[in-house]
Amino acid sequence: MIPVNYYIILSAILFTIGVVGVLIRRNALIIFMSIELMLNAANLAFVAFSSVIRSFSGQIFVFFVIAVAAAEVAVGLALIVEIFKSKRSIDVDQLSSMKG
Amino acid sequence: MHFAQEASTGFFFLAPWLVFAPLVGLLINLIFGQWFMKQPWGENAVGIVASLASGAAFVVSILLTSSLSANHGEVARWYLADWIQIGELRLDWTFRIDSLSSIMMLVISGVGTLIHIYAIGYMREDVRFKNDVGRFPRFFIYLNLFIAMMMILVAGDSYMMLFVGWEGVGLCSFLLIGFWYELDLLGRTSWSNSNAAVKAFVVNRIGDFGFLIAGFIMFWALGSFQFDEVFEAAEGAAPGVILAITLLMLVGVAGKSAQIPLYVWLPDAMAGPTPVSALIHAATMVTAGVYLITRSAELYTLVPQAQYIVALTGAITALFAATIAVGQYDIKKVLAYSTISQLGFMVAAVGMGAFVAGMFHLVTHAFFKALLFLSAGSVILGVERGHHHLAHASGHHGSKHGKNKGKKKEQRHEPVHEEEGEHFDAGDMRNMGGMRKTMPITYWVYLIGALALAGIVPFAGFWSKDEILLDASLHYPLIYWMLTVAAFLTAFYMGRQIWMVFFGEPRHEAAAHAEESPGVMTIPLMVLAALSVLGGALNLPFEGFHNLGHWLEYTLREVESLSFNAPVAGIATVLAVVAIYASWLIYGRSPLRAGEVDPLKKRLGSVFTALQNKWYIDELYHAVVVTPYMKISQFLADVIDWRFWHDWFHENVIVGTYNWISHIGLNRYADQRGIDAAANGLATVTQWLSVTLRQIQNGFVRSYALSVLLGVVLIVGYLILR
Amino acid sequence: MNLDLIFFLLLALIAVATALGMLLSRNAIYSALFLVLNFVTVAVFYLLLGAPFIAMAQITVYAGAIMVLFLFVIMLLGAESLPQEQVLPWQRPLAVLLALALAIESTFIFLTRARPLGDVTQPDESVNTVTNLRALGEALFTQYLLPFEVTSILLLVAMIGAIVLVRKEKRVP
């Protein structure tokens, strides 16, 4: 008997924490993880709604989100490895090559 | 109406050629003149072209007159073209051929042609004496222009057309008097000749002003300028208006015909070459005033007060000028004052209503005055020839100072020998003497002219002058006496001139070596002499011989034909003979010798000095009119125009304002502080904006992400608040 | 205040705590592990919401595969910790502020503005049955076939991409 609004609020809070993580941390991997947290929060909202309206659509969508997230992580980590090879650091602040 | 009686028979269609023939001659000489002068026969060509042009005008005059007489003197008007048409004003170029204008035409073109022929010879020598042969064609161009303008004057059918010719002859007078504009009478570089020309023009201008005002009143009150319409309207007009018109026209006559007080230009006009003096200032232009009054006879007869003023002016002028002529030494100046005096006779005549007498005297005066002037020119050239002969024979700046060259000199009175040739005055009678032996032809024709002028029977002058005196004696005693005294003086000063110039011994070597003039000059002189002798036949005061009178009857309504009056004629003749005898007593019996003072001076003393100085009239005018005018003009030019306007006002106010507007107003405020500031400010703002906004692009991913979050927050906030 | 609500709040608390833990750890390994815990918690939430398959998938894929991958890379790169912050000092506070604002806004919307959507009831036995799962599978292979196939291609592409990215460049002689 929990109003679905609570789930949504929880999802929003988790999302916000994910946003903060993206903005505050300089470690690229932590940023990536925060992104995953954000995706997860969105998934929670999907599933919550899916249970309310008693349809599978939400769950299936979450299925796809998980799949896409996996793919994205693979590629993203590969990129981070590459950047590390050239910059010797995964500090995103080091990635700026603009002068002045 | 334009198309007047164009007679199917008759030569009236030739009327425009009165003007066009001289214009054609003028144009030929204008275009080809310089080319002519490059040929050896050039001067003859120029002169012949001009003379033929004038001669053609004479032929046309004869044909027109014959057609006129065939029509029994009926006025013929020949329309040429329209000129001005504004509102009610309609002026056109229409020629009027009637008995009055035909007389004028014949005199102008006839005497004019003779003078043209004479001028060929005269100018040929004159340009060489003055060292400017190239100026030869210009003279004949101006002469032909004069003939054309004079024809417009006398053949015009309206007062305005007359005025066009009036102004035109004034212009030609200016051009011809100032022909040697850079010299003076003796050939030195000077303003003298051009000043004389300007004086003639300006004084004439004063007269023209009077004429114009008369014209304006005429149009305003009577509604037209055309002669017939004016005369018709005048009969119903207020007498005050007609009086004003006639008196103002008298001002114009005083200017053009050299009456008091506007005569002062004529003596100065002797600065021009002698043919000019003969044609313009003796025979034709100066008679334009007399013609004007005669033409306006119908106006003058309506206002007897004006007529009397006219007559009085003429008589006073006649007497006044005659006195001055007695004291002159220059041969042409004597003739100039004589002309003024004779014009006084004519003006007095037409003032008294004796139009026939006036016109008669005009014609005869044209003959013998032109003769006298041309002969005087011959004398002057003869003396110049003698002078140059001497200069070339003995060498310039002769070291042989005062050497006795002549054979007839007395030991005590050595003739004067000038050091420098240019300052020799060939016109001074004191340098002449004994010319009848050196220049016989000139002597005989001059004598005839002088006798005609003095009024000795049976020469032409006697008959014409006598008629004037007769008319005066019958109606105006005061004028009669003034004119009689003037006639006495006329004979006296002409006698004086003859004795001084042609008799006695030469008072200068140049006169001793004078040579006679060539045929081209002497033949016209002889023609004029013949006319002076026979001219009286034009209007003898005997029944059956009033030719001129009858001829003029066609134009003038009334003509009083006077018959011969023995007492008047007798008194006049006796006086003339007495005058000549008196002059012989003073000048002829013991001829003047070189360097001797004029004997009349001894007798009259300061009076003679006053006569010699023309009664100081020129000096009076100069002090009363010219000097104040120059002072005012100087003041206006120097103080008002230059110092005030140019220096102060222009520099400070205009330039200052402009500079202020430009430097301070526009430059500093508008441009620098306004526009520049705006433009620069725009740039500065843009720059600041760009500098500021650039900082967003700092290359840090975190800040980019922050901006995304910021956007999201704002949008969500907006959606909440909406 | 019934049991469900208490349970929910407890789990929610754990989820938020682990999330914060991930955020605030200095050590990347710790962060990863915190995240794993978070995922597990969320999986429990899925179970509560009657989505057992998704819960399993979450644990298997997310916590099992993805996080392991993360740990591999962390240990590969030796990126446990980073030196202190050097640039953009203003960015942190501002970011926290704005995120807080976002959170408040979202909460506000769903507490007050949004109309009540309904309640989540406790799942009954039927969610665990095969038919429920069958229905899910059917829906996945009929209605959502296209996205399914596209996703498989996406995974293929991702694999190839990852391999290509880390390949050494062959020097041309």
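**Chain contacts and backbone features in a predicted model**

Between chain A and chain C, seven residue pairs are in polar contact, both residues of each pair being at pLDDT 80 or more. The structure is a predicted model. The side of chain A that touches chain C draws two or more residues from each of strand 1 (2-3), helix 1 (4-24), helix 2 (28-53) and helix 3 (57-87) of chain A. Helix 3 of chain A gives the largest share of this side, 23 residues. By residue class, the side of chain A that touches chain C consists of 48 nonpolar, 11 polar and eight charged residues.

In total, 67 residues of chain A are in contact with 79 residues of chain C. The area buried between chain A and chain C is about 6,800 Å², and 76% of this area lies on carbon and sulfur atoms. Within the area that chain A buries against chain C, A:M1, A:R26 and A:M33 supply 9%, more than any other three residues.

Of the area that chain A buries against chain B, 53% is supplied by A:L23, A:D93 and A:M98, more than by any other three residues. The count of salt bridges between chain A and chain B is zero. One residue pair is in polar contact between chain A and chain B, with both residues at pLDDT 80 or more.

Chain B itself was examined next. The secondary structure of chain B comprises 27 helices and two strands. Chain B has 722 residues, of which 54% count as buried. Among the contacts in chain B between residues at least 6 apart in sequence, 79% join residues that are at least 24 apart.

Most peptide bonds are trans, and most residues other than glycine have a negative phi. The peptide bond that joins B:I260 and B:P261 is cis, with omega about 0°. B:P261 is found in the loop between helix 8 (239-256) and helix 9 (265-268) of chain B.

Two further residues of chain B show a positive phi. B:K614, which is not a glycine, has a phi of about 60°. The residue B:K614 lies in the loop between helix 25 (606-612) and helix 26 (617-694) of chain B. The relative accessible area of B:K614 is 21%, so this residue is classed as partly exposed. B:W615, also a residue other than glycine, has a positive phi near 60°. B:W615 is placed in the loop between helix 25 and helix 26 of chain B. B:W615 is likewise classed as partly exposed because its relative accessible area is 36%, and the partly exposed class runs between under 20% for buried and over 50% for exposed.

Methods. Residues numbered from 1 in each chain as written. Chains lettered and ligands numbered in written order. Predicted model: local features only at pLDDT ≥ 70, side-chain atom pairs only at ≥ 80, totals over all residues. Heavy atoms only, no water. Contact = heavy atoms within 4.5 Å. Buried area = accessible area lost by both parts, 1.4 Å probe. Polar contact = N/O pair within 3.5 Å; in protein donor to acceptor, adjacent residues only side chain to side chain. Helix = DSSP H or I, 4+ residues; strand = E, 2+ residues; numbered from the N terminus. Nonpolar A, V, L, I, M, F, W, Y, C, P; charged D, E, K, R; others polar. Buried < 20%, exposed > 50% of the residue type's maximum accessible area, 1.4 Å probe, protein only. Salt bridge = Lys/Arg side-chain N within 4 Å of Asp/Glu carboxyl O.
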